[in-house]
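Here's a quick walk through one model, with the ligand site and a few backbone spots worth a look. Have the viewer open as you read.

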Amino acid sequence: MTYDSNNIFAKILRGEIPSFKIFEDDDTFAFMDIMPRADGHCLVIPKTPCRNLLDATPDQLASVMSTVQLVSRAAISAFDAHGATIQQFNEAAGGQEVFHLHFHILPRHDDIKLRPPGVMAEMEMVKSHADRIIAALS
Ligand code: AMP
C-alpha cells in the first residue's frame with residue numbers, strides 16, 4: 001500500500017483545510033477530532049508521510065509517541081479525566097479511515113462510555129475544548 005498525499009490529514013498539514021491545532025513541534029502535529037467520541041478527543045500525527053503503524057519508521061513512531069504522552073497528560077488534566085484511551089487503526093480491515101498515521105487520545109471518566117463514531121460536533125465546542133488542552137499544555 002502506498003501513501004496518498006491527498007488524504008485529509010496531509011491536507012491539514014499543508015494548511016489546505018482548517019483544523020483546531022493544539023500542539024506542534026518539528027516532527028509532530030496534534031489537533032482536535034471533529035467527530036469526538038469523548039470531550040477532548042484529539043489526534044496526533046507525524047509531519048512526514050506514512051500510512052500507519054505498519055510502514056512508519058522507528059523515528060516517526062518515537063516522535064509521535066512522545067507527543068501522544070505529552071498531549072494525553074494535558075488532555076487528562078484539562079478535562080479532570082480519570083484516564084485516557086489511546087486508539088490507532090491499521091488499514092481498512094483494521095478500522096482505519098484516514099490513511100496518514102494517527103493516534104487518537106480520548107480522555108476517559110469512570111463509568112462514562114465513548115460516544116458513537118461519525119457524529120460531527122459543534123465547532124464552537126471543539127474550539128473551546130482545544131483551548132482547554134492548549135491551556136493545560138502551557
Ligand atoms: P480512523 O482512520 O478510523 O482512525 O478515523 C479517522 C478519524 O479522523 C475519525 O475519528 C474522524 O472523526 C477524524 N476526522 C476525519 N476528518 C477530520 C478532520 N477534517 N479534522 C479532524 N478530524 C477528522
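In which strand is the place of Lys21?

## Starting at Lys21

Lys21 belongs to strand β1, which covers residues 21-24. Keep in mind that this is a predicted model. Is Lys21 buried, exposed or partly exposed? Its relative accessibility is 41%, so Lys21 counts as partly exposed, since that class sits between the 20% and 50% cut-offs.

Lys21 and Lys127 are 106 residues apart along the chain, yet their C-alpha atoms are separated by 9.3 Å.

The space it takes is the largest pocket. Two elements give two or more residues to the shell around the ligand: α1 (8-13) and β2 (28-32). Of these, α1 gives the most, with three residues.

There are 16 residues around the ligand, and the ones that come nearest are Asp33, Gly95, Glu97, His102 and His104. By type, the shell splits into ten nonpolar, four polar and two charged residues.

## Polar contacts and burial

For His104, an N or O atom of the side chain is 2.6 Å from a ligand oxygen. Glu97 does it through the backbone: one of its polar backbone atoms is 2.6 Å from an oxygen atom of the ligand.

How much of the ligand does the protein bury? Taken alone, the ligand exposes 510 Å², and the protein buries 88% of that.

## Two positive phi values

Now for some backbone geometry. Most residues other than glycine have a negative phi. Asp80 has a positive one, near 45°, and its place is in the loop between α2 (58-78) and β4 (83-87). With 63% relative accessibility, Asp80 counts as exposed, because the cut-off for that class is over 50%.

Glu91 also has a positive phi, near 65°. You'll find Glu91 in the loop between β4 and β5 (103-108). Is Glu91 buried or exposed? At 17% relative accessibility, Glu91 counts as buried, because buried means under 20%.

## Back at the viewer

How values were computed: Residues numbered from 1 in each chain as written. Predicted model: local features only at pLDDT ≥ 70, side-chain atom pairs only at ≥ 80, totals over all residues. Heavy atoms only, no water. Near = heavy atom within 4 Å. Polar contact = N/O pair within 3.5 Å; in protein donor to acceptor, adjacent residues only side chain to side chain. Areas by Shrake-Rupley, 256 points an atom, 1.4 Å probe, with all protein chains shown as cover. 1 Å grid on protein atoms, 1.4 Å probe; cavity = no way out; pocket = protein on both sides within 12 Å on 5 of 7 lines; lining within 4 Å. Sits in = over half its atoms within 2 Å of the grid points. Helix = DSSP H or I, 4+ residues; strand = E, 2+ residues; numbered from the N terminus. Nonpolar A, V, L, I, M, F, W, Y, C, P; charged D, E, K, R; others polar. Buried < 20%, exposed > 50% of the residue type's maximum accessible area, 1.4 Å probe, protein only.
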